[in-house]
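User: I'd like to learn how to read a few features off a model. Could you take me through them one at a time?

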Amino acid sequence: MLRSSMLVVAGLLTSLCFSTAATSQGTAAHERPRVALVLAGGGAKGGAHVGVLKVLEEQRVPIDCIAGTSMGALIGGGYASGIPAAEIEKFLIDVDWKKVVGSQGRRQFEPIEQKRAGATYSNDFEFGLTGEGLQAPGGLIDTNNVEDLLRVYVAQARLETDFDRLPIPYRAVATDMVSSRMIVLREGDLATAMRASMAIPGAFAPVLMNGMVLSDGGLVRNIPIDVARELCGDVVIVVNLVEPAADPKKLHSAVQLLSRTMDVMIIANEELQLQSLRDSDIRIDVEMGSIGTADFERVPETVPLGEAAARKMSAALSRFALPEQEYLAWRTAVTASQHFEVKLADVRFEGLKHVNPEYLAEVSALKPGDTVDAASISHEAQQLAVLQDLDTVGYRLDGDRDAPTLTWLPREKDWGPNYLKVDMGAYASAEGDLMFSIYGRHTRTWLNKLGAEWRNQVQIGSESLFSTSFFQPLDLAHRFFVEPQLFYSRSLEDIFRDQERVARYQFQNATGLLDLGVNIGPYAQGRVGYVYTRRNVDVDIGSQVMPEGEPIDAGLKVSAVYDSRDNAFSPTRGLAATIEYLQSDESMGGEREWERIEAGLGVAVPFRRDVLWVTLAGGSDLSGNLPPDRAFALGGPGSFPGFELGELRGDSYWTLSTNYLWKVKDVMPIRNLALYAGLGLTGGAMYDRIDEGETGEMYGGSLFLTGRTQIGPLTLGVASTSMDSWSVWLSVGRPLGHGTILERGIFR
């Protein structure tokens, strides 16, 4: 503490000496020129700026002002806020870019009802149905984690709205998509300014500010030399991120040329700025090699590249070096901690149109009187931002700095509250199974202050579905709810005898369901309800294996689910468990009396780069009167590989499966898209088969390639069983199947 105080005093005395000298000698005040630092945009490549800053500190070169674009704005904003280079480097290396840019880990925060409502598999697109028609989000990448990262990064500096009053004066550059003009951001929320500067069109949603639609500044000024010179620069140090020349062989297709268009625009405005450099300025060219704009997982590799490039310019940089004591005084004067810890006087929500702020207050963990820091607020912001209607969740601290009011600034999706998702899927096997589906889901949220939702689903194809339901929470926290539902389903299912297809049946269900449920935390839910089904059972092709007719089943349905998986398909960690009890009883309006229970458990365990899956499922007839059309079904890759879909049907079953998946290729690491080679072993049994076939234990093995790709889930496999059956299959997109409770959507 004493040393720091002495250094500050030394700095003040140094400044006084410079001032006195200027008065007496006229020109001495200009002996050290003002140095402006210019940091270019470049996405993940921008980590190289930290390496340059490290060398500037080693050589004792003070910086008087900073101008940056995109990632250069992020690094520059942190340095201008008073964060030394070493701390910025640690911050960058510690960032989980897969989470921040790839939105990995988001599912763990979703409420269980949001998970249970159903994932889309072939794509992540969500559209809004507005008065102007179908509307898409402003960006393909969820930006909340990016914004949250920036708010933590410059937590204290955000309290200063005049960028000239930061420890080092600062400017960020953005592009106004309305006027096509360069916008120099000099005031406001520092985190928002950085976010606007790095809003790559199409990838990140733009920042709306004072009637402007702000996107990445690289479109108009990727190297803002003129901005820095106007701000303070007698001399300018420019950090230029250099990529290898484009390969003409990769510029033939329309997609390749469109992708290259942005690069051409950026390079053109860079060249104009670089041509303005003077002999006294310094240009540091950092050769980036194969590291591209989107290679965020390679950010740690960029820092040494910046260091190496800066050291090549050591002789030129030494012109601006200060003596050690003077530099230490300067460094101490501009260094500022971003940490804070305060006790909240109050918590409130601002700017909501549809979402009830009382609901957010109920689900939020932060309450008046809590002691918080940037990390705890950040964690809470992430949990709030996953809610269906919210795009991002910002905040500010108002009032007394030691006992402020936490004002949440949730931004609702401008394409809501009517949402539409679409999905596609296909399945084929070498033995003749061929299935496809086109799926759509519409949700209208916040129909009343408790958060009621109107939900509609349509699926057309081999398995068709039409449903509508009204989800009504019974309390502000959405712990208890009621959901009436009407749906119609139709499926065509093959019936086998001795591994031969002997018939194809058509099952049609017109169903009414009234559920009362409870949500237990973000992972568990229980439901109990009354179900009424008019069921039509018809032979479509082949001989009659089970009775036809139009029976009515009515009675009780009880279900529970637990889901902590990181993904709905091909999870790499987490657990899913479910149990379902169904009863039909004449006293409740049914024409048949039967009971059945089914349960399943699936666990995904990460092992280095690989994954181990273990699944267990089983079902049983509890009454001895289970109709053949209500029998359990096994067969297909989701329940028992080696058999065709629904090949085995009976009154009870069990299966145990273990699969080891070796990661063979990262398709897109930042999005956790990868392909795995898998080896699976399955054991099980089917009892009281409707075709009176062999019962008892059976075993199987499978080899497959599976994973999530840009076109959705993809699986190609081959399997055989101890009953001399085998199968080869291919599935793409939305999984299809009607086997065990796990196969019907809990663990795929």
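User: Let's start with disulfides. How many does a search of the whole structure find?

Analyst: The general idea first: a disulfide is a covalent bond between the sulfur atoms of two cysteines. This is a predicted model, and searching the whole of it turns up one disulfide. The bond joins Cys-65 to Cys-232, with 2.0 Å from S to S.

User: Where in the chain do Cys-65 and Cys-232 sit?

Analyst: In distant parts of it, 167 residues apart. Cys-65 belongs to strand β2 (residues 65-69), while Cys-232 lies in the loop between α10 (225-231) and β9 (235-242).

User: Are Cys-65 and Cys-232 buried or exposed? And what is the handedness of the disulfide?

Analyst: Both Cys-65 and Cys-232 are buried. For handedness, look at the torsion about the S-S bond: here the value is about -85 degrees, so the disulfide is left-handed.

User: Okay, sheets next. What is the order of the three strands in the open sheet?

Analyst: Strands of a sheet pair through backbone hydrogen bonds, either parallel or antiparallel. In this model the order is β12-β15-β14, and the pairing is mixed. β12 (346-349) and β14 (390-398) are the edge strands; each has a single partner, so one side of each has no neighbour in the sheet. From one strand to the next, the twist averages 20 degrees.

User: How many bridges join β12 to β15?

Analyst: Four, and β12 runs parallel to β15 (residues 405-412).

User: Which strands does helix α16 touch?

Analyst: Helix α16 (residues 374-385) packs on the sheet and touches β12, β14 and β15. Its direction makes about 150 degrees with that of β14. Then there's helix α7 (residues 144-153), which lies across β14 and β15 and runs at about 15 degrees to β14.

User: Last one: helix packing. At what angle do α3 and α8 pack?

Analyst: When you read a helix pair, check the angle, the axis distance and the handedness. Helix α3 (residues 71-80) and helix α8 (residues 190-197) pack at about 160 degrees, and their axes are 7 Å apart. Angles over 145 degrees count as roughly antiparallel, so α3 is roughly antiparallel to α8. The crossing of the two is right-handed.

User: Which residues of α3 and α8 make the contact?

Analyst: On the α3 side you'll find Ala-73, Leu-74 and Gly-77. From α8 come Leu-190, Met-194 and Ser-197.

Definitions and conventions. Residues are numbered from 1 along each chain as its sequence is written. This is a predicted model: local features need pLDDT of at least 70, side-chain atom pairs count only at pLDDT 80 or more; totals for chains, interfaces and linings use all residues. Side-chain values use heavy atoms; hydrogens and water are left out. Two strands pair if DSSP finds at least two bridges between them. Axes are lines fitted to C-alpha atoms, for helices over the stretch in contact, and angles run from 0 to 180 degrees between N-to-C directions. Contact means heavy atoms within 4.5 Å. A disulfide is a pair of cysteine sulfur atoms within 2.5 Å. Buried means under 20% relative accessible area, exposed over 50%, partly exposed in between (1.4 Å probe, protein chains only). Angles under 35 degrees count as roughly parallel, over 145 as roughly antiparallel, 65 to 115 as roughly perpendicular and the rest as oblique. A crossing is left-handed if the near helix is turned anticlockwise from the far one by less than a right angle, and right-handed if clockwise.
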